[in-house]
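Dear colleague,

I am passing this structure on to you, and below it I have set out what I found when I went through it. Please have it open as you read.

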Amino acid sequence: MTDTPSFETNPNLIIEDDRTGMSPKTLQRAVLDHLFYTCGKDLPFATRDDTYRAMAHTVRDRLIHRWIQTQRAHHEADVKRAYYLSAEFLLGRALADNLHKLGLWKVAEAGLRRYDVELNDVLETEHDPGLGNGGLGRLAACFLDSMATLGVPGMGYGIRYEFGIFEQLIRDGWQLESPDAWAALGNPWEIPRHEFTQPVRFYGHVEHSRTDDGRTIARWVGGTEVLGVPYDMPIAGYGNDTVITLRLWSARASKLLDFERFNRGEYQAAVDDKVIGETISKVLYPNDVPPEGKELRLKQQYFFVACSIADILRRYKRTRKTFDDLPKKVAIQLNDTHPAIAVAELMRVLVDVEGLTWEEAWNITRQTVAYTNHTLLAEALEKWPVSLFERLLPRHLEIIYEINARFLREVHVFAKGDVGRVRRMSIVEEGGEKQIRMAHLAVVGSHSVNGVAELHSHLLRERVLKDFAELWPDRFNNKTNGVTPRRWLLSANPKLADAITARIGNGWVKDLRRLEELDAYADDAAFHEELRAIKRDNKVKLAKIIAKRCQVTVDPDSIFDIHIKRLHLYKRQLLNALHIAWLYWRLKDDPSADIVPRTFLFAGKAAPGYWMAKKIIKLVGDLGKVINDDPVMRDRIKVVFLPNYSVSLAERMFPAADVSEQISTAGKEASGTGNMKFQMNGALTVGTLDGANVEIRERVGAENFFLFGLTAEEVDALDSRGYRPSAYISESPRLRRAIESIRDGFFSPEDPGRFHDLVQELTGWDTYKHCADFDAYADAQAEVDRVYRDQTEWTRRVIKNIAHSGHFSSDRTIREYARDIWGIEPMHLSFSPKPGEGE
């Protein structure tokens, strides 16, 4: 007779499935099961990587249960879905994020400690999937997180790059690039869907014929064909059971091996087609300076767009026989101009393949597609040579010409024959080499065009796309960017998250506006003390990383002044470097000068072909070499460039920051999202009125933001008058001393002329107004020094910044997209046991 409970004796007993159960005992069994059967390891011989993979598969099992249920629920409800097309998705590590989303963090910590294993050590074995370059890709990842958390039906589409953004190596201060084989050891979070493979054509020619009723039919034939194989990754919502899909396309050759050539001993030639075809998804953003690089980039863009459009229409056609309802069931959002070819591709499929008339297809396309612009820089608004289009995508060039011809007739009437306006608005840029303006194609083919910060959207309407905004004023709108608090506060800064929750509850994790309740604690002494202790602990952790990676010891009691951005002249890392050079000379001239010790930290990658950006990295390194070794500095200032910036490194840097450098030239940054992550983690901003800085300052209060610099209007006025940087240099002894010491090679004695081109940029034309803003920047930094001495006042400002970061949640942004652009209602799902339920 057994005394084991049974269902008959205890009808309330729940026997959990090891694939879906959430109790600690079930999870422990599941991890051990995956260790044995998935990893093929017995417990005594398991490595840290084995443990990570067993845990990843255990968590994935629980996600897949919710994933399938979510898709089933969406299908049964016949919901409208948003399809987010982006060339980048900078996801970050998945295990930690999903443990938080499922409420399993503490269960995992406790379970591993039974075997003397620390969860954080296991998490460190996961390789960051570097499928993005910076803010654009990280924004896309935040948006998917918010779509899942809010229950907005949708999917992300992108490219499964074999080698993501390069691994950045710093050798003697110079950036070197190394391939980043992020998935070389396998990726437990993805599932290949070979059954949904899509063929994609390149090159060839177009044949035209007429039907019996007089319609012209176009057939794109010949050329080469590659295959797009989809890999799906689950994106879980927080505090619900919704799991949506990120589908990434990998290029495969349609012919893997020329067997005849192989048998003749032509082994290299036998695999040429495979190598060429699979190059498409090999590397994120290949260098597009050479013609071959341009062609590969356009290939990449069309490849993932063609696969995605085919997949979207395949899904739609499962329940519909006509395309009348496509705009009612499908919303396609273009994340910048990279997927803009979607306008022409959707038209091609609807007209050439599905047999719709041009007018029917155009009406459907315009109602279905929407475009987000992410740049104000002319060089970032993509253009492709017509000759390249003609060779690579001949049918799409015909379609673009037809779109343009019809569009320009509309412009001609609107502009009353203004030839200049017609020329400016044309999708085809004339003069010199003809080019296709992809931003114009996206605007013409979309029903909505949005910027990503209030200032950015204003400048789009008034400058960059002014003619279009006057033609279609209702088409333009603003959707200020946001970031997910789940990754950037709850996961990245758990002690701060706990301190907030202890005072206002945990509702802020899904409704970041609740942080405003912290205003009541702005003068709370106990909260002040706790926040300072948390900040110092985060700085100690970052200091250990710096010591390990850079062999530089930094003082966690110094101000951590952090500049994290992609390297570019307009982002003005060079302005920061100039200030550091001047501060060095101030301390050399007066060793007794009273300053708060400060650690200047830089991180970010320069595009491989952007030589000036690489020079700035070298300059920062040379500053650090001189300053860090100078005994006169006595740890008063340190300069460190942290190599190989990634999401995981960012999760260590944002929580440790005291000062956030947001110093781009006004009118150049679209939005920025690093500014929001810093604010959320209690850093105070030194910044210009650029991008989302404007809105951050409005919300936190001018007194809680260190403002400096020209406004966008003042920059324009200065350019109109004729900007002469030499005038500012001659009037500023501080600036002149900094530039001269760099020019004369003080910081590069082994190569005095190393930074000649940077100095020439500053003294000759200074495109991004470093000289005009230098003195104001130095004064703002002096104000930082003054306020930091009063820790009560500093911490009060920190609390104000955190309390008013709620507007900058990506949840708010996605609500606005869903309501104003996509016309999609959230769907709230719940069908799974919660942690601790069951046996």
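Which backbone oxygen does the side chain of Lys539 reach? In this model, which is predicted, the side chain of Lys539 comes to 3.1 Å from the backbone oxygen of Pro556. The side chain of Lys539 also makes a polar contact, at 2.7 Å, with the side chain of Asp658. Leaving aside residues up to four places away in sequence, Lys539 touches Pro556, Asp557, Ser558, Phe560, Ala656, Asp658 and Tyr788. Lys539 counts as buried because its relative accessibility is 2%, where the cut-off for buried is under 20%.

Lys539 lies in helix H22, which covers residues 525-550. At 1.5 Å a residue, the 26 residues of H22 should span 38 Å, and the end C-alpha atoms are 37 Å apart, which agrees. At the start of H22, a side-chain oxygen of Asp524 reaches to within 3.1 Å of the backbone nitrogen of Ala526, while the helix is followed by Gln551, whose phi is positive, near 55°. The buried residues of H22 include Phe527, Leu531, Ile534, Lys535, Asn538, Leu542 and Ile546.

A word on confidence: the protein chain has an average pLDDT of 94, with 95% of the residues scoring at least 70. Over residues 1-11, however, pLDDT stays under 50, and the model has 3 contacts for them beyond four places in sequence. Where pLDDT is low, the predicted coordinates should not be read in detail.

Definitions and conventions. Residues are numbered from 1 along each chain as its sequence is written. This is a predicted model: local features need pLDDT of at least 70, side-chain atom pairs count only at pLDDT 80 or more; totals for chains, interfaces and linings use all residues. Side-chain values use heavy atoms; hydrogens and water are left out. pLDDT is the predictor's confidence in each residue, from 0 to 100. Contact means heavy atoms within 4.5 Å. Helices (H or I, at least four residues) and strands (E, at least two) are DSSP runs, numbered from the N terminus. The expected span of a helix is 1.5 Å times one less than its number of residues. Buried means under 20% relative accessible area, exposed over 50%, partly exposed in between (1.4 Å probe, protein chains only). A polar contact is a pair of N or O atoms within 3.5 Å; within protein, one must be able to donate a hydrogen and the other to accept it, and residues adjacent in sequence count only if both atoms are side-chain atoms.
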